[in-house]
Every structure is written in structure tokens, then in C-alpha cells.
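Please look at the sequence and the structure before reading on.

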Amino acid sequence: MRIDHINFNVSNLEKSVRFYNKIFNLEVKEEGVSQASGNPYKIIGHPDRFYLCLYQSESNVEQNGFNHFGVNVDNFEELVMKLKDNNIEIQYGGITNWPNSRSAYIQGPDQEEIEITEYFGGKLN
């Protein structure tokens, strides 16, 4: 079992897609209009890794009860440099050191918190 996707509302769909493409190289895989809400959406991601389903919403972009989502990257140091090159602030005073891994916490376009991890699952296995 593994997480398939994370679905959340964003205030500016195109801005969010550009952000996630620039930082994580996520590509648009599907786009349309929700039959339920009538809001435009885009599903972006990496095949066989994970997807984000982003819905445009002028209201309801607060992440109620949602703390953050974590993304494990192949090259942690390279991604940290990419963040610095793009003037994206690493939260909490910089890199967080855990017993077996390191994390960089950043904010997305709607202040959603994203944890970037050096090792999958914090190397808990």
C-alpha cells in the first residue's frame, strides 16, 4: 500500500502548477472541470511516484486539519540549492536534522507546508 495522490484547493491554479513544476518537475497529466464543484483542476505528478490534484477555488484554500505533505527527493542537496536559487525560504531557521535524515520545510503558493526529505520515511525502515 502507498499514497496515490494528495488533493487540495489552490487560489491560483496556473501559479501552483508552475511552482510544483519548477521545484519538483511535476508535469500536468490531466486537466478538466470538476463535475461536482464546477471548478477547474489539474493533476500533476510523476508516474509511479505520486500525484497532486489541484483544484482552483476562490474560497476554501485554508488547509483545515492539514499540516503538511512530504516529498522524498533523489538528491536532497541539489534540491536545497534549487530552493536557494529560486529564493524559496526554508522554514524553521533552515534544514531540520532528524535522527536518521534531514528535512527542508517550505511553503507553496497558498502557504501549504511541504516537507522535503533526504531519505524516504526518515530512514525509519
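## A buried leucine

Leaving aside neighbours within four places in sequence, Leu54 is in contact with Phe8, Val10, Leu13, Ser16, Val17, Tyr20, Pro40, Tyr41, Lys42 and Ile44, where contact means heavy atoms within 4.5 Å. Leu54 lies in strand β4; helices (H or I, at least four residues) and strands (E, at least two) are DSSP runs, numbered from the N terminus. With a relative accessibility of 0%, Leu54 counts as buried. The term buried means under 20% relative accessible area, exposed means over 50%, and partly exposed lies in between, with a 1.4 Å probe and protein chains only. The C-alpha atoms of Leu54 and Ser11 are 9.7 Å apart, although 43 residues separate the two along the chain.

The model is predicted: local features need pLDDT of at least 70 and side-chain atom pairs count only at pLDDT 80 or more, while totals for chains, interfaces and linings use all residues. Residues are numbered from 1 along each chain as its sequence is written, and side-chain values use heavy atoms, with hydrogens and water left out.

## The four-stranded sheet

Strands of a sheet pair through backbone hydrogen bonds, either parallel or antiparallel. Here, an open sheet of 4 strands has the order β1-β4-β3-β2, with mixed pairing; two strands pair if DSSP finds at least two bridges between them. At the edges are β1 (5-10) and β2 (27-33), each of which pairs on one side only. From one strand to the next, the twist averages 20 degrees. Axes are lines fitted to C-alpha atoms, for helices over the stretch in contact, and angles run from 0 to 180 degrees between N-to-C directions.

Strand β2 pairs with strand β3 (residues 40-46) in the antiparallel sense, over 6 bridges. Within this pair, Val28 stands opposite Ile44 of β3. Helix α1 (residues 13-24) packs on the sheet and touches β1, β2, β3 and β4 (50-56). The direction of α1 makes about 5 degrees with that of β3.

## The helix

Helix α1 has 12 residues and reaches 16 Å from its first C-alpha to its last, close to the 16 Å expected at 1.5 Å a residue. The expected span is 1.5 Å times one less than the number of residues. Which residues of α1 are buried? They are Leu13, Ser16, Val17, Phe19, Tyr20, Ile23 and Phe24. Seen down the axis of α1, these buried residues fall within an arc of 160 degrees, so they line one face of the helix; the arc is that of the directions from the helix axis to the C-beta atoms.

At the N-terminal end, Asn12 caps α1, with a side-chain oxygen 3.3 Å from the backbone nitrogen of Glu14. Just after α1, Asn25 takes a positive phi of about 60 degrees.

Strand β6 (residues 96-97) pairs with strand β7 (residues 102-107) in the antiparallel sense, over 2 bridges. A hairpin of 4 residues joins β6 to β7, and the bridge partner of Asn97 in β7 is Arg102.

Strand β7 also runs antiparallel to strand β8 (residues 113-117), and 5 bridges join them. The hairpin of β7 and β8 has 5 residues between the strands, and there Gln111 takes a positive phi near 65 degrees. Ser103 stands opposite Thr117 in β8. Thr117 is buried, with a relative accessible area of 11%. Not counting residues up to four places away in sequence, Thr117 touches Val71, Asn72, Val73, Phe76, Arg102 and Ser103.

Conventions
A polar contact is a pair of N or O atoms within 3.5 Å; within protein, one must be able to donate a hydrogen and the other to accept it, and residues adjacent in sequence count only if both atoms are side-chain atoms.
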